[in-house]
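Subject: Structure handover

Hello,

Here is the structure we talked about. Please open it next to this message, and read the notes below with it on screen.

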Amino acid sequence: KGKCPEDGWDESTIELFLHELAIMDSNNFLGNCGVGEREGRVVSGLVARRHYRLIHGIGRSGDISAVQPKAAGSSLLNKLTNSVVLDIIKLAGVRTVASCFVVPMATGMSLTLCFLTLRHKRPKAKYILWPRIDQKSCFKSMITAGFEPVVIENALEGDELRTDLEAVEAKIKALGAENILCVHSTTSCFAPRVPDRLEELAVICANYGIPHIVNNAYGVQSSKCMHLIQQGARVGRIDAFVQSLDKNFMVPVGGAIIAGFNESFIQEISKMYPGRASASPSLDVLITLLSLGTSGYKKLLKERKEMFSYLSSELKKLADNHNERLLDTPHNPISLAMSLKNLDESNDAAVTQLGSMLFTRQVSGARVVPCGSVQTVNNYTFKGFMSHANDYPCAYLNAASAIGIKKQDVDVFLKRLDKCLRTFRKEAKQEKSINEISDSNAATEQLED
C-alpha cells in the first residue's frame, strides 16, 4: 500500500525485506557480467554489508526519482521510502501534502535546490525575502544559489521575536514583486524567536504572485509547526517545505525531505538534482519507520510534547531560584529560553563561560546567547548574532525538547545547570565581600590620614 505499517516490524523481518530488494539489483545477480563504468562493484565486504548490498544508489543522471533498469531493488526502495515518508508527513499534520522525496543532502543544500528550481520560473528575480533567523546554513543556502538575501528584522512582542509583516510587504513594494524569487520563512527555531506567521505570509505571497519556501528543519515533530504549514497552504501559497531527516527521525545526518502541495513542482525540484544520489539516507529512514510503525512514531511525538511541558515547568522553577525568569514564548513549541540578566550584569564574560562549563559537564545542545555579539556571514554583518535581533533586551540560555528526549536528560541538565549557576553566585558573593573589605580599609586609611 506504500504506507507506514501501524505496528513496527522486528529487525529480522526488516533485514529479510532489504535482502529481497538487494537481490533485485544487477550487481547481485549470480551470472552478472558488468562492462560499464558504474557496475556496483564494492571491494570491502564490510562496506557491502553496511549498505545491505544496495550499491547502485537512487535515481538516474536526469532525475533523482527515476527508476534504474539495472537496479530494480534500489529503485523500489526509493519509491517506497518516499511513499512511506509522505504518509508520515500527513500523519504529523500536513494532510493535504501532494508529494515529497528524500534527498541525500541536509536542509541547507536542499533549500538551495528549491531556489535553483525557482530560478527557471523567475529568471529576472535576484532577491529572496528572509525574516531573520540566526542560523548560518539557511542564510548560506540563498547565497550558494546565487541570490541576494533581503533580511527582514523581527518585531519584538513581549519576549517573543515575531515576523514583521508590514516590513515584508513594504519591501515587496520597494523591490517589485517580479524581482523577488521567493519568501523564505521558518517554522522551527530557537526561542525567543518563534515560528513565522506562515498563514499571513502565505496570503501575501498569493496576493503578489511570489513563491514561498518554508524551512521546516525540525518541525515535523511539532503538531503546531505542521498545522501552520497546513493552514498556510489552505489560505495562501506555500510552494515547498523542507525538513531534516536526522532531527525528525533520529537517523544519521545527511538527508532531508522536500515536500509540497503541487506534485509537478516537486517533480521539477527532483529533476533539478544533477546525477544519481546516495541511497543511505533513504535506507536509514525506511528502516527507522518500518521499525517504529505509525504507532511508535506517534508515541515519540506524544512523549516529546509531554517532555516540553515538564522542561518548561522545571526550568521556570530553576530560573526563579536564581532570580532569573523563563522567557514568555508561548508560540514556540520546541525551544525555551531562560534569561541570564544577573549573570551578564555581574561579569561580561560570565555568559559565554557558562556555555563552556555546561559543555565540559557533557551538556550538549544548550546554547548561551550573550548580548551584542557581532558575526559576519558571507559579507553580511549580523548584530546581536544568535539572538535573531540587533538588540535583544537580555542574555539568555536555550534548551529544547526535541524528539527522543527523556526525563533523565531533563533532570540531569537542570541539576548541572543549577550547580553551574550556584558556582557563579558563590564567586560573585566572594568578590563582593573582597570589594567591601577593600572599601572599608580604604575608608579607615582616609580617616587616619
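Start with a helix pair. G108, L111, T112 and F115 in α4 meet S137, C138, S141, M142 and T144 in α5. Sorted by class, that contact holds four nonpolar residues, five polar ones and no charged ones. Keep in mind that this is a predicted model.

Now the geometry of the pair. Helix α4 covers residues 107-121 and helix α5 covers residues 136-144. Their axes come within 8 Å and cross at roughly 35 degrees. The crossing of α4 and α5 is right-handed.

Next, a serine. S74 sits in helix α3, residues 72-92. Is S74 buried or exposed? S74 has a relative accessible area of 1%, under the 20% cut-off, so it counts as buried. Its side chain makes a polar contact with the side chain of D25, at 2.6 Å. Leaving out residues up to four places away in sequence, S74 touches D25, L54, H56, G57 and I58.

Then a covered strand. β8 runs over residues 240-244, and five of its five residues are buried. Both of its faces are covered. A240, V242 and S244 lie on one side of β8, with F241 and Q243 on the other. Strand β7, residues 212-215, runs parallel to β8 and is joined to it by three bridges. Within this pairing, I213 stands opposite A240.

Last, a sheet and its helices. Three strands form an open sheet in the order β10-β14-β11, and the pairing is antiparallel. Which strands are at the edges? They are β10 (335-339) and β11 (367-369), and each pairs on one side only. On average, neighbouring strands of this sheet are turned by 25 degrees against each other, direction ignored.

β10 pairs with β14, residues 396-400, over five bridges in the antiparallel sense. One detail there: L336 has A399 in β14 as its bridge partner.

Helix α11, residues 280-321, packs on the sheet and touches β10 and β14. The direction of α11 makes about 0 degrees with that of β10. Helix α13, residues 350-360, also packs on the sheet, touching β11 and β14. The direction of α13 makes about 175 degrees with that of β11.

Best regards

Technical notes. Residues are numbered from 1 along each chain as its sequence is written. This is a predicted model: local features need pLDDT of at least 70, side-chain atom pairs count only at pLDDT 80 or more; totals for chains, interfaces and linings use all residues. Side-chain values use heavy atoms; hydrogens and water are left out. Two strands pair if DSSP finds at least two bridges between them. Helices (H or I, at least four residues) and strands (E, at least two) are DSSP runs, numbered from the N terminus. Axes are lines fitted to C-alpha atoms, for helices over the stretch in contact, and angles run from 0 to 180 degrees between N-to-C directions. Contact means heavy atoms within 4.5 Å. Buried means under 20% relative accessible area, exposed over 50%, partly exposed in between (1.4 Å probe, protein chains only). A polar contact is a pair of N or O atoms within 3.5 Å; within protein, one must be able to donate a hydrogen and the other to accept it, and residues adjacent in sequence count only if both atoms are side-chain atoms. A crossing is left-handed if the near helix is turned anticlockwise from the far one by less than a right angle, and right-handed if clockwise. Ala, Val, Leu, Ile, Met, Phe, Trp, Tyr, Cys and Pro count as nonpolar, Asp, Glu, Lys and Arg as charged, and the others, Gly among them, as polar.
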